[in-house]
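Please open the model in your viewer and keep a selection tool at hand. The tour moves from one selection to the next.

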Amino acid sequence: MAAGLSQKIATLRSNDLSPYDLFAPSSHVAIQLAVSDREMARLLNQSVATFHRQAKAAKSISSERNATLLDASTSERLLLLARLATHGTAVFQDAAKFTRWLRRPLRLLTDRSPLDLLDSITGIQ
């Protein structure tokens with residue numbers, strides 16, 4: 001499984017991808033997790049400005065193919081969040097139920113929501 005993740009990270013960081021190809025997955029994951037730009041930036045350990053800059057670069061029709069490559073850490077977080085979103089939706093059998101659960105404070109987590117913990121690799125796993 002680790003080899004598959006490494007290969008996906010390498011693909012995300014490849015110079016053969018356009019800025020849109022690099023940023024689109026984070027927009028897709030944000031939709032799956034039902035999080036705002038600010039929340040997604042926090043989950044990716046980025047500033048909101050950096051997140052928006054990547055979005056703008058992705059949407060622009062630019063011939064610069066390596067205008068905004070994701071670094072290894074951001075790529076890994078994005079892939080883990082995508083995997084979590086897919087797994088959570090499968091477990092709850094409903095995306096809306098999963099996203100509600102993500103935001104619900106849990107006694108087990110000292111009244112924090114699971115979403116609060118997703119800003120680290122350990123929290124995602």
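**Along helix 5**

Begin at glutamine 93, which follows helix 5 and has a positive phi, near 60 degrees; helices here are DSSP runs of H or I with at least four residues, numbered from the N terminus. This is a predicted model, in which local features need pLDDT of at least 70 and side-chain atom pairs count only at pLDDT 80 or more, while totals for chains, interfaces and linings use all residues. Residues are numbered from 1 along each chain as its sequence is written, and side-chain values use heavy atoms, with hydrogens and water left out.

Among the buried residues of helix 5 are Leu84, Ala85 and Gly88, buried meaning under 20% relative accessible area with a 1.4 Å probe, protein chains only.

**Phenylalanine 98**

Move to phenylalanine 98, in helix 6, which is buried, with a relative accessible area of 2%. Not counting residues up to four places away in sequence, phenylalanine 98 touches Leu33, Leu84, Ala85, Gly88, Thr89 and Phe92, where contact means heavy atoms within 4.5 Å. If you then pick glutamine 32, its C-alpha lies 9.5 Å from that of phenylalanine 98, although the two are 66 residues apart in sequence.

Note on methods:
Buried means under 20% relative accessible area, exposed over 50%, partly exposed in between (1.4 Å probe, protein chains only). Helices (H or I, at least four residues) and strands (E, at least two) are DSSP runs, numbered from the N terminus.
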